[in-house]
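Here is a short briefing on one protein chain. Look over the sequence and the structure first, then read the points below.

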Amino acid sequence: MELVGGAGVVVVSRVILAVLLFGRKRTSRADDAGGTWLDSGEAVTIPKEIAALPWVRVLRVLGWVAAAGIAAWALWSWSPSGLNAASIAVVWAMVAVSLVVLTGWAGQISLGQFALVGVGAVIAGNLIARWDVDLFVALAAATAGGMIVAALIGGPR
């Protein structure tokens with residue numbers, strides 16, 4: 001059975017609501033693993049003994065060279081529509097990474113960060129469309145606007 005249009009949205013939203021209301025209750029996944037958000041500051045680095053090995057240093061340089069080569073190849077060989085799709089995918093990937101902090105470390109489900117993305121998008125879109133502001137200036141202003149709204153929302157009360 002295929003759900004079409006608004007009926008599908010209604011059914012899916014009711015299923016999600018039921019799972020959230022009647023699902024297993026626990027404080028967070030961090031409590032199950034015995035970790036806290038304070039553990040996020042601990043960066044895991046390569047031990048000095050391994051990092052000093054010649055083949056590790058060569059592979060690290062080759063990795064950076066390969067990444068730069070792939071980026072250069074994409075810039076010169078992809079069509080403008082392909083580059084646009086890739087840049088949109090990268091932006092969505094950055095937004096999705098923010099879910100890791102919330103669901104992975106804090107064990108909470110929230111999509112509030114999309115509101116902050118929306119604030120930045122509105123600011124950048126208006127600056128570019130209405131006032132013909134340079135893209136990088138608009139992105140800087142959008143970032144600053146999102147940061148200000150996030151600080152207002154998340155600041156102490």
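**Briefing: fold, helix packing and surface**

Buried residues account for 9% of the 157 residues in this protein. The model is predicted.

**Fold**
- The protein has seven helices and zero strands.
- Read from the N terminus, the order of elements is α-α-α-α-α-α-α.
- Take the contacts between residues at least 6 apart in sequence: 33% of them join residues at least 24 apart.

**Packing of H6 and H7**
- Helix H6 spans residues 113–131, and helix H7 spans residues 135–154.
- The two helices pack at an angle of about 145°. Their axes lie 8 Å apart.
- The crossing of H6 past H7 is right-handed.
- On the H6 side, the contacts come from Leu-116, Val-119, Gly-120, Ile-123, Ala-124, Leu-127 and Ile-128.
- H7 meets them with Leu-135, Ala-138, Ala-141, Ala-142, Gly-145, Gly-146, Val-149, Ala-150 and Ile-153.

**Nonpolar surface patch**
- Ile-46, Ile-50, Leu-53, Trp-55, Val-58, Leu-59 and Leu-62 make a nonpolar surface patch of about 660 Å².
- Helix H4 (residues 54–77) gives the largest share of this patch, four residues.
- Leu-53, one of the patch residues, sits in the loop between helix H3 (48–51) and H4.
- Leu-53 counts as partly exposed because its relative accessibility is 34%, and partly exposed covers the range between buried, under 20%, and exposed, over 50%.

Conventions:
Residues numbered from 1 in each chain as written. Predicted model: local features only at pLDDT ≥ 70, side-chain atom pairs only at ≥ 80, totals over all residues. Heavy atoms only, no water. Patch = residues over 30% accessible without salt bridge, like charges linked within 9 Å, V, L, I, M, F, W, Y side chains within 5 Å. Areas by Shrake-Rupley, 256 points an atom, 1.4 Å probe, with all protein chains shown as cover. Salt bridge = Lys/Arg side-chain N within 4 Å of Asp/Glu carboxyl O. Buried < 20%, exposed > 50% of the residue type's maximum accessible area, 1.4 Å probe, protein only. Axes fitted to C-alpha atoms, helices over the stretch in contact; angles between N-to-C directions. Left-handed = near helix turned anticlockwise from the far one by under 90°. Contact = heavy atoms within 4.5 Å.
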